[in-house]
Protein chains: 4
Amino acid sequence: MGELKADTAGTIGDFSGHLFAGSFCFIFGLSESTKCILKYLCKKQKKTYYSKTLFYKLEILEGILIFILALTGICGSLLFTGGSHLPLYEGNHWNKLKDWHHSTVYLFIGLVGVANILCFTVSSLPVSLTKLMMSNAFFVEAFIFYNHTYGRVMVDMFMHNLVGLVSFVTGLVAFIELLTENNILLELLRSNLILLQGSWFFQIAYVLFPPEGKTTWDLMDHDTKMFLSMCFCWYCVLAYIIIGVNYAFVAWLMKLRMRRLCSSEVGLLQSNEYEQELEEEI
Amino acid sequence: MGELKADTAGTIGDFSGHLFAGSFCFIFGLSESTKCILKYLCKKQKKTYYSKTLFYKLEILEGILIFILALTGICGSLLFTGGSHLPLYEGNHWNKLKDWHHSTVYLFIGLVGVANILCFTVSSLPVSLTKLMMSNAFFVEAFIFYNHTYGRVMVDMFMHNLVGLVSFVTGLVAFIELLTENNILLELLRSNLILLQGSWFFQIAYVLFPPEGKTTWDLMDHDTKMFLSMCFCWYCVLAYIIIGVNYAFVAWLMKLRMRRLCSSEVGLLQSNEYEQELEEEI
Amino acid sequence: MGELKADTAGTIGDFSGHLFAGSFCFIFGLSESTKCILKYLCKKQKKTYYSKTLFYKLEILEGILIFILALTGICGSLLFTGGSHLPLYEGNHWNKLKDWHHSTVYLFIGLVGVANILCFTVSSLPVSLTKLMMSNAFFVEAFIFYNHTYGRVMVDMFMHNLVGLVSFVTGLVAFIELLTENNILLELLRSNLILLQGSWFFQIAYVLFPPEGKTTWDLMDHDTKMFLSMCFCWYCVLAYIIIGVNYAFVAWLMKLRMRRLCSSEVGLLQSNEYEQELEEEI
Amino acid sequence: MGELKADTAGTIGDFSGHLFAGSFCFIFGLSESTKCILKYLCKKQKKTYYSKTLFYKLEILEGILIFILALTGICGSLLFTGGSHLPLYEGNHWNKLKDWHHSTVYLFIGLVGVANILCFTVSSLPVSLTKLMMSNAFFVEAFIFYNHTYGRVMVDMFMHNLVGLVSFVTGLVAFIELLTENNILLELLRSNLILLQGSWFFQIAYVLFPPEGKTTWDLMDHDTKMFLSMCFCWYCVLAYIIIGVNYAFVAWLMKLRMRRLCSSEVGLLQSNEYEQELEEEI
């Protein structure tokens with residue numbers, strides 16, 4: 001087992017790779033939660049300064065951001081990791097399958113970005129396509145992670161399975177969002193799950209691939225698994241707290257800006273027909 | 001196996017701990033069922049004496065009650081059980097992981113209480129947040145119980161897995177409540193499942209940790225498992241009967257009080273705008 | 001294994017017991033499908049002769065029928081089977097646990113009957129309570145069957161697990177019916193599944209407990225399992241055909257009776273308020 | 001294991017059989033996606049040339065096509081494969097069970113065709129019956145495939161299980177379509193999954209039953225499984241691209257034809273009552 005891990009050292013599966021994945025989830029989760037809190041609070045004070053063109057721009061920006069991060073993830077997995085060769089099949093064995101797995105996950109996340117950009121620029125596409133792609137991306141991640149952990153140490157498997165579990169649930173929530181009306185709680189729940197996944201990637205990085213080299217955790221002990229399952233729940237509380245603070249912050253910011261914005265953004269409200277159309281589609 | 005159980009004696013996992021958990025579920029289930037029966041019957045006779053401010057106060061009271069009970073549960077699990085030390089990691093092994101598991105479950109139930117209090121005091125929060133937190137609490141309980149029973153005796157595992165199953169289903173029902181309109185049957189179903197869980201905790205207390213010391217049940221026999229699975233269904237019927245009696249009692253009480261209340265509570269109906277707003281949010 | 005089966009000979013688990021269960025499902029499925037086809041076709045020609053009091057009476061009748069059949073099932077399981085003693089725990093081992101399992105299933109089906117009777121006589125109860133109890137009954141059946149087949153022969157387990165599967169799906173469909181509006185396809189699907197379960201009980205009776213004594217099927221052969229899984233699907237087609245014929249028959253009968261009924265049942269349509277109330281509740 | 005495969009050589013389980021299944025799925029998926037894209041784009045420009053009689057004819061045509069293909073599949077499985085004998089039970093063992101499994105799947109797909117034809121010719125049937133039968137067909141396929149792979153090589157099992165998985169998800173999506181309003185994304189998702197299944201059948205044909213005789217893939221290697229799981233996801237992307245291209249193509253074709261059709265198809269719009277009725281049923 002020790003050799004098995006030595007073999008993966010220096011790839012995306014290691015410390016920096018999981019740190020990147022964790023940061024990605026954190027950025028994604030925070031941006032999603034901020035967006036939906038903003039939308040919710042804006043709708044509550046509909047009259048004064050709710051402008052959909054602003055949200056269109058935000059969505060496109062988010063799409064570009066996701067796309068770039070996903071591209072970085074793919075390149076990072078396949079190219080820049082220490083001593084990795086690009087060819088998938090070499091000699092008579094598969095090469096760096098785990099990195100290709102990671103790239104596949106990033107590919108689907110990249111598609112979310114592409115869908116975000118397309119849906120808010122091409123008007124004939126249904127807006128909820130973004131939810132479909134997001135749901136799809138997380139289901140694919142769950143599927144990949146399910147086929148990812150063969151032959152690993154118990155705690156390693158457990159931690160990666162939890163990523164799969166949280167991905168699956170996130171995909172499910174995104175799919176339910178596709179079916180229901182705009183529901184702020186589902187969007188917050190999804191943000192929560194993405195943040196949870198992010199913090200769990202950090203935990204994986206520090207438990208399985210610590211920067212100082214050899215892990216101090218007993219990866220064969222069932223008690224470690226019991227502790228980590230509990231730890232996972234605590235991160236869930238942490239994610240709720242982050243979202244709660246974000247909610248309070250956005251609400252406070254809006255109150256502060258309310259007076260100033262009232263006058264300056266009225267111009268945006270003239271594009272009424274466009275918005276009406278969007279609302280129906282959503 | 002005998003040593004394993006001797007080891008857990010005197011902790012929250014024992015008789016009094018399960019009795020507390022069972023009582024908690026019973027109080028919770030009864031309060032939830034009473035609340036939703038009251039709401040349903042009140043709505044049926046909308047004109048005369050349905051006051052939402054009353055339900056607001058009830059919700060906040062229930063929130064405080066849940067919070068206090070959950071706090072008691074956390075403290076009971078970690079501090080007051082015989083000979084338990086607080087530190088989670090001691091020497092080079094995990095300490096009292098099971099008690100920390102129990103505390104985590106109580107922590108999430110405490111969050112339900114907090115959500116109840118917040119939602120009905122801060123007006124900008126969506127009311128169904130309470131359902132989300134409840135759903136979350138029960139899913140977390142199911143998750144914790146799934147990772148809770150490693151290495152135990154068959155019947156012990158089975159009984160705890162049933163708690164996990166009923167928690168999962170309760171979480172699912174609460175989640176569906178979040179998505180659908182006010183549906184009295186779903187609320188009653190949830191109350192039923194919570195009562196079922198409560199009675200099952202009592203059953204666990206008496207089967208696995210009997211007050212007289214050593215259990216008389218054969219924990220390795222498959223027939224015991226078959227009997228208990230059937231027993232579980234009977235408790236489900238019992239929970240239906242309790243709810244049915246509660247329904248009849250509340251309906252009878254309402255008829256009795258109807259005449260008196262008609263005149264005295266009209267004053268509360270003047271806060272119409274507030275209620276209208278709530279109704280939309282729900 | 002041979003001894004295990006010899007032990008159960010002469011109980012409800014044998015030929016006649018499964019035949020009774022199969023007949024029960026057949027009667028239930030046919031009555032449900034007829035009822036919902038009738039309701040659907042009546043609604044299509046709303047003006048002339050749709051009377052809800054008729055359906056009320058039908059529901060109550062069905063409730064009584066189900067209740068009596070379930071009672072018969074309970075008594076049959078516990079009392080009249082050859083040489084069975086009533087006490088559940090005797091000496092120091094469990095007695096006739098399988099029969100008690102069967103009784104528990106019948107108990108929950110009896111509750112469906114009770115709910116049917118109560119909902120259509122007591123006006124303050126929500127009508128969809130019947131769906132909840134039906135969903136509950138089938139989920140409980142699935143749960144019981146899941147814990148019912150320990151230590152049996154492969155094909156025996158497989159056949160009983162299929163009953164569990166079909167019960168679970170039936171419960172799911174009934175639960176979805178609870179959540180959605182009146183949807184004829186879901187009701188027909190449920191009838192189909194109940195008929196499927198009925199025909200499967202017949203198949204079990206003839207494969208595992210043939211009247212001539214010893215089964216001629218190879219219960220340890222994986223090919224038997226493969227054949228039976230296919231056979232199960234064929235019964236599903238059969239159930240569709242039965243429902244299709246029933247549909248055509250009911251439609252033909254309605255056309256025939258249309259002229260006669262037009263005049264004679266107008267009287268029933270005067271109870272408009274009652275019906276309006278029902279429609280809202282449904 | 002080698003003998004096991006030698007045994008199935010020359011049956012529908014071989015290269016040509018899987019190629020047929022793959023082509024079937026491709027034709028089905030393309031036709032479904034084209035139909036729903038057309039419907040969606042037509043609805044967006046409702047006024048000018050949306051004619052439901054056209055879609056009725058398309059549905060019936062598709063029904064006939066599916067029925068003929070399914071019939072071909074049944075006959076191909078049972079009759080024309082090399083050296084297969086028709087009788088299911090011969091001597092004292094089951095004969096060609098796998099082919100009968102395939103036929104059962106085709107039987108249910110044939111029922112989808114029949115339902116399509118019936119629903120759009122007999123007006124008293126609910127239109128969404130087609131969705132129910134489609135959902136049913138895919139669930140049955142998933143069930144059959146689950147019981148189909150006993151005793152096969154790991155990668156063989158894995159590949160067939162993936163067909164089962166994708167069938168199950170397709171069935172689920174079709175079932176959700178039954179419950180929700182017309183939702184273009186769900187229909188496209190279903191088309192996507194059907195195309196995915198089609199391409200996966202091609203992959204199976206080339207991996208397990210290559211035309212040149214003996215497979216060059218290591219069917220016992222876990223790495224092959226890891227690669228194929230990733231490969232499966234890539235086909236999903238491919239299916240999205242096919243649907244995207246189809247979408248763009250149909251949209252372009254409609255723009256092109258718009259001017260010409262405007263005048264010639266107005267006549268079809270006169271059958272308003274018929275359409276109104278359909279819309280309600282859907």
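Predicted model: local features only at pLDDT ≥ 70, side-chain atom pairs only at ≥ 80, totals over all residues.
I started with residues 103-122 of chain A: the span is 85% helix and 0% strand, and its end C-alpha atoms lie 28 Å apart. Helices here are DSSP runs of H or I with at least four residues, strands are E runs of at least two, and both are numbered from the N terminus.

Residues are numbered from 1 along each chain as its sequence is written, chains are lettered from A and ligands numbered from 1 in the order written, and side-chain values use heavy atoms, without hydrogens and water.

Next I checked the UniProt record. Its unreviewed entry puts "transmembrane region" on several spans of chain A, including 20-42 and 103-122. Such positions are in the numbering used here, with feature names shortened, and annotations may be inferred rather than shown by experiment. I looked at residues 20-42 of chain A too, and found 100% helix, 0% strand and end C-alpha atoms 33 Å apart.

Then salt bridges (a side-chain nitrogen of Lys or Arg within 4 Å of a carboxyl oxygen of Asp or Glu). Glu62(A) sits in helix H4 and Lys35(A) in helix H2 (residues 15-44) of chain A, 27 residues apart. Both residues are buried, meaning under 20% relative accessible area, with exposed over 50% and partly exposed in between (1.4 Å probe, protein chains only).

Lys131(A) and Glu177(A) make another salt bridge, 2.6 Å from N to O. Lys131(A) is in helix H6 (residues 129-146) and Glu177(A) in helix H7 (residues 154-179) of chain A, so the pair ties together parts 46 residues apart in sequence. I logged Lys131(A) and Glu177(A) as buried. Both pairs belong to a salt-bridge network whose members include Glu32(A), Glu59(A) and Arg190(A).

What does the interface of chain D and chain A look like for salt bridges? The rule finds 0 across it. Still, 29 residues of chain D contact 29 residues of chain A (heavy atoms within 4.5 Å). The two chains bury about 2400 Å² between them, 79% of it on carbon and sulfur atoms; that is the accessible area (1.4 Å probe) lost on being put together, summed over both.
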